[in-house]
Amino acid sequence: MVAWAVTNLVSLGKATDAILSENYRSILAAENMVDAIERQDSGILLMYLGDAQKGIAQFRENEMGFLAWLARAKDNITIAGEEGLVQSIETDYAAYRGRFSELTDMNAAAGSPFQSSDYQETVYPLFARVREACIGLRNLNEQTMYAASVNAGRVARRAIWSTVAVAASASIVALIFSLVLARRIVEPIRRFMEASRKISLGDYTVQVPVETGDELGRLAGEFNQMATQLGRYHEMNIDQIIAERNKGEAILASIEDGLVVFDTRLKVTGINPAARRFLDLNGPENALRCCEDILPASDVCNLIRKTVETGIQPSIPDEQRIVTLSKGEKPRHCLFSVTAIGGRDRSLSGIVLLLKDVTRLKEVERLKSDFIMAASHELRTPLTSLGMSVDLLLEHAAQGLAEKDRELLQAAHEEVHRMKSLVNDLLDLSRIEAGRVEMEFENVPIPTLFDHVQAVFKSQTGMKEVALTMAPAGDLPKVRADANKIVWVLTNLVSNALRYVGKGGHIQLTALRIGRQVHLSVRDDGPGIPEEYQSRIFQKFVQVKGREAGGTGLGLAICKEIVRAHGGAIWVESAPGRGSTFTFTLAVAR
Ligand code: ADP
């Protein structure tokens, strides 16, 4: 298009240039020649009028101009007829000049004035012919110039139309070309998009055709390779997931403990055969049932719900983690634990409930308690008479015995009493464990409990120079308790403290209300309890090594059973060398 426009502009330029070079210069020359010859003629007339000198000067002056313009006209002969006209001008002008010279020579010789007849006959006709020829030259060039200008106009119009036509066809070609190009580029991209969509839907068999060897072709090759690799990874992942799932299912099916998995809406999402057995559930319809639908223990469901709400795993003592499932003929006792399953971003994604069947253990425990109860009951009577006999012997026959025998008798007396208290403790403990001790609950003021304890230890604290103090508890509410049993617990805790604090030590009884509970504490500044023992000393026969001090190791176990029978809890806070604080809870009386 640009080439076409340039060509047009060049031809338009040529057309206008032709006007200038071919015609305009000739017209200018003709005009000036007419002008010069007219001035020459007026110079001749001046001579006739008597001013010969001025007339001659004017003639000669314009003669130079005329000849110069004539020379230019001769140099610019470009059109037909122009040459003839210039020749006739040249010839006639030469004659005209010759005639003028004759006139001036004659005039100078004769010294007479010019005759107008000379002018009319000889000079004027030549002047008129030269002038006519000059005008003819000008007209010829004017006509040619007009024709050239018409031609230039035609060239310009043709240039406009042809340029428009060429521009239009160039636009159409460009449009077709861009459409073809766009199709060539867009079509492969569309194929890539389609293939990507299929891959995102899981179809890894998709392939993009490789048609060209350019960048798009190479990209298609790479894309196909990527899809194949993705397909392989996918297969591998699925195989791995299936293997892991099968492994998990095999483990769950083979373990003896029951496992139930809940989602965060407490719907069952998984349950193993053992749990089905424990909960007496058959068939797959248990999936997506609620916790309460499968588990007849609302407190466990509440615990799971609380775990979901707070996201914190509950820490509850072992004895409160027993759930009794009595769906079958025999009740089944299960030790349960609730574990939160963390998601990827550490948020909660579910809950696992583990049920461990402890029915047999419970049964063994019960048999053991029954045996201990029976044995200690049977042992108590002979031990009592044995104790009484040893006491009587010590009282009446000791003086007659040798020193060594008296010591043996004294040792027998102490051992019998130790055994008696052990048997009594064992009997008490097994009775409480078996639930055979009836609690006589009443609303008890805390100062009453404290006063009892103080009365019991009055003489002992005095002897050992130990200060037993009580924090004011007058404004505390009454507690719901069996007063005798709680006094027993407090007495046991104080007697332990008394046994371990040194001379001049301190024991303090405090009570503090926290919510619907009162916390009762016995604090001492004795040797304290090593950390590894703190959770174990409430078990039977557990004593801190090297600190047995004549006890049975059953006192704290009995305390725990009594507190548990009251629905409370007992624990110790201690650091070696910094004393111990035993605390238990009782419910506030309604
Ligand atoms: P025991 O009859 O041996 O006192 P307990 O069950 O009452 O049995 O106590 C268990 C063990 O706990 C004791 O043997 C003792 O080692 C430790 N113990 C209990 N109370 C205290 C205390 N106030 N200070 C230090 N140790 C204590």
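Biologist: Which helices each supply at least two residues of the lining of the largest cavity?
Modeller: In this predicted model, α9 (359-396) and α10 (403-433) each do so. The lining consists of S369, I372, L426, L429, S430, E433 and K540, and α10 gives the most to it, with 4 residues.

Biologist: What makes this space a cavity and not a pocket?
Modeller: The term cavity applies because a 1.4 Å probe fits at its points but cannot get out, whereas a pocket is an open set. A search of the whole structure finds 1 cavity of 30 Å³ or more, and the largest cavity holds about 40 Å³ of space.

Biologist: How do the residues of that lining divide by class?
Modeller: The division is 3 nonpolar, 2 polar and 2 charged. E433 and K540 belong to the lining, and Glu and Lys count as charged.

Biologist: What is the volume of the largest pocket, and which residues lie nearest its centre?
Modeller: Its volume is about 1,200 Å³. The lining has 32 residues, and I322, L361, K362, E365 and R564 lie nearest the centre. Each of β4 (332-342), α9, α10 and α14 supplies at least two lining residues; the largest share, 9 residues, comes from α9.

Biologist: How many residues of that lining are charged?
Modeller: There are 17 charged residues in the lining of the largest pocket, alongside 10 nonpolar and 5 polar ones.

Biologist: Which element gives the most to the lining of the second largest pocket?
Modeller: That element is α12, with 8 residues. The second largest pocket contains about 550 Å³ of space. Its lining numbers 28 residues, and N492, N496, R499, Y500 and L556 are the closest to its centre. Two or more lining residues come from each of α12, α14 and β12 (580-587). By class, the lining holds 12 nonpolar, 11 polar and 5 charged residues.

Biologist: Why is α12 called roughly antiparallel to α14?
Modeller: Helix α12 (residues 483-500) and helix α14 (residues 555-565) pack at an angle of about 150°, with their axes 10 Å apart. Angles over 145 degrees count as roughly antiparallel, and α12 is therefore roughly antiparallel to α14. The crossing of α12 past α14 is left-handed.

Biologist: Which residues make the contact of α12 with α14?
Modeller: From α12 come K485, I486, W488, V489, N492, L493 and N496, and from α14 come G555, L556, I558, C559, I562 and V563. These divide into 9 nonpolar, 3 polar and 1 charged.

Biologist: How do you know whether α11 and α12 are roughly parallel or roughly antiparallel?
Modeller: The axes of helix α11 (residues 446-464) and α12 come within 9 Å and cross at roughly 25°. Angles under 35 degrees count as roughly parallel, and α11 and α12 are therefore roughly parallel to each other. Here α11 passes α12 in a right-handed crossing.

Biologist: What residues form the contact of α11 with α12, and how do they divide by class?
Modeller: On the α11 side are L449, F450, H452, V453, V456, F457, Q460, T461 and K464; on the α12 side are A483, I486, V487, L490, T491, V494, S495, L498 and R499. The contact has 11 nonpolar, 5 polar and 2 charged residues. K464 and R499 are in this contact, and Lys and Arg count as charged.

How values were computed: Residues are numbered from 1 along each chain as its sequence is written. This is a predicted model: local features need pLDDT of at least 70, side-chain atom pairs count only at pLDDT 80 or more; totals for chains, interfaces and linings use all residues. Side-chain values use heavy atoms; hydrogens and water are left out. On a 1 Å grid over the protein atoms alone, a cavity is a set of points where a 1.4 Å probe fits but cannot get out, and a pocket is an open set with protein on both sides within 12 Å along at least five of seven lines; lining residues have an atom within 4 Å of a point. Grid points are joined across faces, edges and corners, and a volume is the space filled by probe spheres set on the points. Axes are lines fitted to C-alpha atoms, for helices over the stretch in contact, and angles run from 0 to 180 degrees between N-to-C directions. Angles under 35 degrees count as roughly parallel, over 145 as roughly antiparallel, 65 to 115 as roughly perpendicular and the rest as oblique. A crossing is left-handed if the near helix is turned anticlockwise from the far one by less than a right angle, and right-handed if clockwise. Contact means heavy atoms within 4.5 Å.
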